[in-house]
Amino acid sequence: MGVFDKAEKRIESAVGKVFARAFKGYVHPVEIVAGIQRELDAEAKLLSRDKRLVPNVFTIGLSQNDYDRLAPYAKTLNTEILPGIRDHAADRSYVFNGPIAIDYVLDTSLPTGQFTVASQAVSSEDTPSSSPQPRPGTMVLEVSGVRHPLVAPGLLIGRGAEADLRLNDPGVSRRHALISVSGDPEHPIITIEDLGSTNGVHVNGSRVTKTRVGEGARIEIGRTRMLIHTPSES
C-alpha cells in the first residue's frame, strides 16, 4: 500500500483543486490509478526469476457523466497518473513491452461512478498509438538518428526496463529524466526534469534540475546526446 499511498498524495496535491468539484461523487483520478495497478498485478506474466511482463496499453471505460468530466482533462490526468504506474511497476519488478498509453472511452452501459479497465501488452513496433510516428510539424527528440515524437504525456528516459526511452549508457540511471508534454499539440509545453540521477541532465551545456525546453534544445544524459527539433517535411 506504500506505493499507492504515495501516488494518491501526489495526484491529489497536483490535480485535487482542478478536479475537486468535477469529480465529487464521480470516478476520481486516484481510483483510476488503483484500477490500473490492480490490472498490472492481475495480468503480470513471468519472464524470468525476477521479472514479469505487464500490459502497457490501457483503455478506461467510463459512464457518460464521468466521460464528460474526464475527457477534457485526459492529457493532464495521464501526466499525473503515469508516475504512480511506473512506481508500482518498479516496486514489483514489472517490465513494460513498450511505452505506456492510457485512453478513455465512453461506455453507456456503466452507471456514474463506475469504470472498467482493459489492457494489452503491446510492443512499440506493433502499435502506432503506443509509439506514434512523427506527424508533419511535430517536435521530436532525436537520439542517435532515431526520432521519438514529443506527444503528451511525454517520455521517461533511463536505463531501466520501465523507461519509455531506454538508453544503453553506463552513465544513465535506471530512472534518469522525465520529459513532460502538455498543452496544445501544435504549440506544446515541453519540460525536462532530472529524477535524482547520478550524472545529471544538461541542457545547452548547463546542468538543470527542471526546465522548459523547445526547438533546438541540446540535451546530454550520460554520454548520450539528444536534440529537440521539428523535422522538415520531405
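Me: At what angle do the axes of helix H2 (residues 29-43) and helix H4 (residues 74-91) cross?
Reply: Axes here are lines fitted to C-alpha atoms, for helices over the stretch in contact, and angles run from 0 to 180 degrees between N-to-C directions. The axes of H2 and H4 cross at roughly 35° and come within 10 Å. Helices (H or I, at least four residues) and strands (E, at least two) are DSSP runs, numbered from the N terminus. This is a predicted model, in which local features need pLDDT of at least 70 and side-chain atom pairs pLDDT 80 or more, while totals for chains, interfaces and linings use all residues. Residues are numbered from 1 along each chain as its sequence is written, and side-chain values use heavy atoms, without hydrogens and water.

Me: In which hand does H2 pass H4?
Reply: Look at the near helix: turned from the far one by less than a right angle, anticlockwise is left-handed and clockwise is right-handed. H2 passes H4 in a right-handed crossing.

Me: Which residues of H2 and H4 make the contact?
Reply: Contact means heavy atoms within 4.5 Å. H2 supplies Pro29, Ile32, Val33, Ile36, Gln37, Leu40 and Asp41. H4 supplies Leu77, Ile81, Gly84, Ile85 and His88. By class, eight are nonpolar, three polar and one charged. (Nonpolar: Ala, Val, Leu, Ile, Met, Phe, Trp, Tyr, Cys and Pro; charged: Asp, Glu, Lys and Arg; polar: the others, Gly among them.)

Me: In what order do the six strands of the open sheet run?
Reply: Strands of a sheet pair through backbone hydrogen bonds, either parallel or antiparallel. Two strands count as paired if DSSP finds at least two bridges between them. Here the order is E8-E7-E17-E16-E13-E14, and the pairing is antiparallel.

Me: Which strands stand at the edges?
Reply: Strand E8 (146-149) and strand E14 (206-208) do. Each has a single partner strand, so one side of each lacks a neighbour in the sheet. From one strand to the next, the twist averages 30°.

Me: How many bridges join E13 to E14?
Reply: Three bridges join E14 to strand E13 (residues 201-203), and the two run antiparallel.

Me: Which peptide bond is cis?
Reply: The bond from alanine 152 to proline 153 is cis, with omega near 5°. Proline 153 belongs to the loop between E8 and strand E9 (154-158).

Me: Is serine 180 buried or exposed?
Reply: Buried means under 20% relative accessible area, exposed over 50%, partly exposed in between (1.4 Å probe, protein chains only). Serine 180 has 17% relative accessibility, so it counts as buried. By contrast, asparagine 204 at 40% counts as partly exposed, and so does serine 93 at 29%.

Me: What does serine 180 touch?
Reply: Serine 180 lies in strand E11 (residues 177-182). Leaving out residues up to four places away in sequence, serine 180 touches Pro153, Gly154, Ile189, Ile190 and Thr191. Serine 180 and threonine 191 are eleven residues apart in sequence, with C-alpha atoms 5.3 Å apart.
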